[in-house]
Amino acid sequence: MDLNFVIFSTLKILCVIFLALLPMVAYAVLAERKISAFIQDRVGPNRTAPPLVLKIPILGKFLQSWGVFQPMADGLKAFLKEDFTPNYVRKAYFWLAPALTMTPAFLTIAVIPFGSNLGNQKMVIADLNVGILYTFGIVSLGVYGIVLAGYASNSKYPFLGGIRSTAQMISYEIAMGMSVIPVFLVSGDLNLSKIVERQAQEGWFALPFMAQQQTMMSYLLWPCALISFFIFLVSAFAETNRLPFDLPESETELVAGYNTEYSSIKFALFFMGEYASMISASCMMVTLFFGGWSLPGLATPASTVIAGLLHIGVFIGKMLVFMVLFIWVRWMLPRFRYDQLMDLGWRRFVPLALANILVTATVLLILNSK
Amino acid sequence: MAAQDYLFYIFAALTLLCGFLVVVNPFSRNPVTSAMFLVLTIVSMAGLFVLLHAFFLAAVQILVYAGAVMVLFLFVIMLLDLKEEERRKIRFFGLITGLISVMAVLGVVLKTYLVDSKLNANLQLPTIEGGTAALGRILFKNYLLPFEILSLLLLVAMVGVILLSKKDLK
């Protein structure tokens, strides 16, 4: 085993998790509160500030009014609150469930190419040649956290939430998995880095005009790509339990669903797990449909450090757009009914995704036979 | 020993240990615990597949078995009333059939170890990396008929399930 490889991989993992992912999760919560406040014509968090910050002339007040310190206060509160364990729960699973919710969301990031090169290191933690299958495998493990939370709580509302989430996540995983097959038919590879490189040259799948050289083919395949993207987007909302599909925790029916019995940091882990999986879903959408780290004009893998950093910046920028979309939709749309959700998944999306695969394959066959 | 060897022993031990705990767990007779250990067994087997460079198989193993099949198992276990199952004692018939199948597996392992290992002692490591394309080519060229028959079988099972789950047939 190459020592260099071990060192750089560890470094990448630590940087991605502690410098990027965890702060992003914390500030996604803040963004959620600020955007919801904006949509509902409120102010949002604008009071928290550590003691000495307000002494700084203009900047201090400014940071306070944007609630920049709110996530720290929230985190501290979550740690210091009483961690109450009801006496009727199944202890082992009750402890295991929050961890199982948080981990898969982080593991999926491993195969995402979040930049091209930095120095001579590829900016992806694990450049697997079955990248996307790995992602789906890990995402499918995410359901255990919620199911076990529902089971461990040993009371009726969490249990109903757990059961709902099982059915919902399995249903939408199928639609989600089938929706991305056209992408792989077109690119002919399961490796996410290769998919991004191809999009950089021949146009993003969802926006074919963002290309180095315009090709007829990417325009002909545009409708298929858009259908794919639409199904993937909606399934991502269902997979992350976000409104309009947050049936596992719909508070008007189930109190808070699977996390009703949880308090303190265990509840916070569920809460952060939701945001972490939103981040990984956004990363997936950017990688699969919106050209990853590439922009027209910045399409070749970087050879200098500045270009490398720029690529990482582009990737994060695109990802933030999807995060805002996730948050914005939550405060705009009402919740679906459970049967509507199932109906949409099985009777609309699965057939549509299947037809989309067929059409894409046919178009590719005709184009390639010329 | 290389890192791969250590990983092999870790994953093999995990597979065996978790597999053991699925059926004979001294601490709990809760079916959910068994199911969760089965998930762990499946995941550690996926680790073994990775060490054999069968990345596709490993990913599909986790995706299909750990991610979908076992979740449905849990779903069913959780919906059933399991008090009776928890109390059920080990039965003689089950013990005998279990022993026989364990003996059979042991026989195969011993035969591989004692006889087959002498036939071709220097087997080469697989050279295929990942092998999605290679696997597809083999499936759709050499084994097309069995593959299609299998998919037909699955279709029949699916139609059967839908038929059974319909309450009123028109």
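Start where the chains meet: 18 residues of chain B are in contact with 17 residues of chain A. Contact here means C-beta atoms, placed from the backbone, within 7 Å of each other. This is a predicted model, in which local features need pLDDT of at least 70 and side-chain atom pairs count only at pLDDT 80 or more, while totals for chains, interfaces and linings use all residues. Residues are numbered from 1 along each chain as its sequence is written, and chains are lettered from A and ligands numbered from 1 in the order in which they are written.

**Stop 1: the chain B side of the interface**

Helices are DSSP runs of H or I with at least four residues, strands are runs of E with at least two, and both are numbered from the N terminus. Now colour that side of chain B by class: 14 residues are nonpolar, three are polar and one is charged. Nonpolar covers Ala, Val, Leu, Ile, Met, Phe, Trp, Tyr, Cys and Pro; charged covers Asp, Glu, Lys and Arg; the others, Gly among them, are polar.

**Stop 2: chain B as a whole**

Along the sequence the pattern reads α-α-α-α-α-α-α. Of its 170 residues, 14% count as buried. Buried means 20 or more other C-beta atoms within 10 Å of the residue's own, exposed means 12 or fewer, and partly exposed lies in between, with C-beta atoms placed from the backbone. Take the contacts in chain B between residues at least 6 apart in sequence: 62% of them join residues at least 24 apart.

**Stop 3: H1 and H2 of chain B**

Select residues 3–23 and 31–51 of chain B. These are H1(B) and H2(B); their axes come within 8 Å and cross at roughly 155 degrees. That makes the two helices roughly antiparallel. Axes are lines fitted to C-alpha atoms, for helices over the stretch in contact, and angles run from 0 to 180 degrees between N-to-C directions. Angles under 35 degrees count as roughly parallel, over 145 as roughly antiparallel, 65 to 115 as roughly perpendicular and the rest as oblique. H1(B) passes H2(B) in a left-handed crossing. A crossing is left-handed if the near helix is turned anticlockwise from the far one by less than a right angle, and right-handed if clockwise.

Show side chains next. On H1(B), the contact includes Leu7(B), Phe8(B), Phe11(B) and Cys18(B). On H2(B), it includes Phe37(B), Leu38(B), Met45(B) and Leu48(B). By class, the contact has 14 nonpolar, seven polar and no charged residues.

**Stop 4: H13 and H14 of chain A**

Move to chain A and select residues 264–289 and 305–332. H13(A) and H14(A) pack at an angle of about 120 degrees, with their axes 9 Å apart. They are therefore oblique to each other. Their crossing is right-handed. Met278(A), Ile279(A) and Met285(A) are among the H13(A) residues in the contact. Among those they meet in H14(A) are Phe315(A), Lys318(A) and Met323(A). The contact residues divide into ten nonpolar, one polar and one charged.

**Stop 5: the core**

Which residues have the most contacts inside the largest nonpolar core? Select Ile279(A) and Met285(A); the core around them has 118 residues. H13(A) supplies the largest share of this core, 16 residues. A nonpolar core is a set of buried Ala, Val, Leu, Ile, Met, Phe, Trp, Tyr and Cys residues joined through C-beta atoms within 7 Å. Centre on Ile279(A). Leaving out residues up to four places away in sequence, it touches Leu21(A), Met24(A), Val25(A), Ala28(A) and Met323(A).

**Stop 6**

Ser369(A) is exposed, with 6 other C-beta atoms within 10 Å. Draw a line to Phe84(A): the C-alpha atoms are 65 Å apart, across 285 residues of sequence.

Trp346(A) is also in H15 of chain A. It has 14 C-beta neighbours inside 10 Å and so counts as partly exposed. From Trp346(A) to Phe245(A) is 15 Å, C-alpha to C-alpha, with the two 101 residues apart in sequence.

**Stop 6: two positive phi values**

Most residues other than glycine have a negative phi. Asp41(A) has phi near 60 degrees, a positive value. Find it in the loop between H1 (3–39) and H2 (57–65) of chain A.

Asn241(A) also has phi near 60 degrees. It sits in the loop between H11 (222–239) and H12 (251–254) of chain A. Buried or exposed: which is Asn241(A)? Asn241(A) is buried, with 26 other C-beta atoms within 10 Å. Asp41(A), with 6 C-beta neighbours inside 10 Å, counts as exposed.

Note on methods: Contact = placed C-beta atoms within 7 Å.
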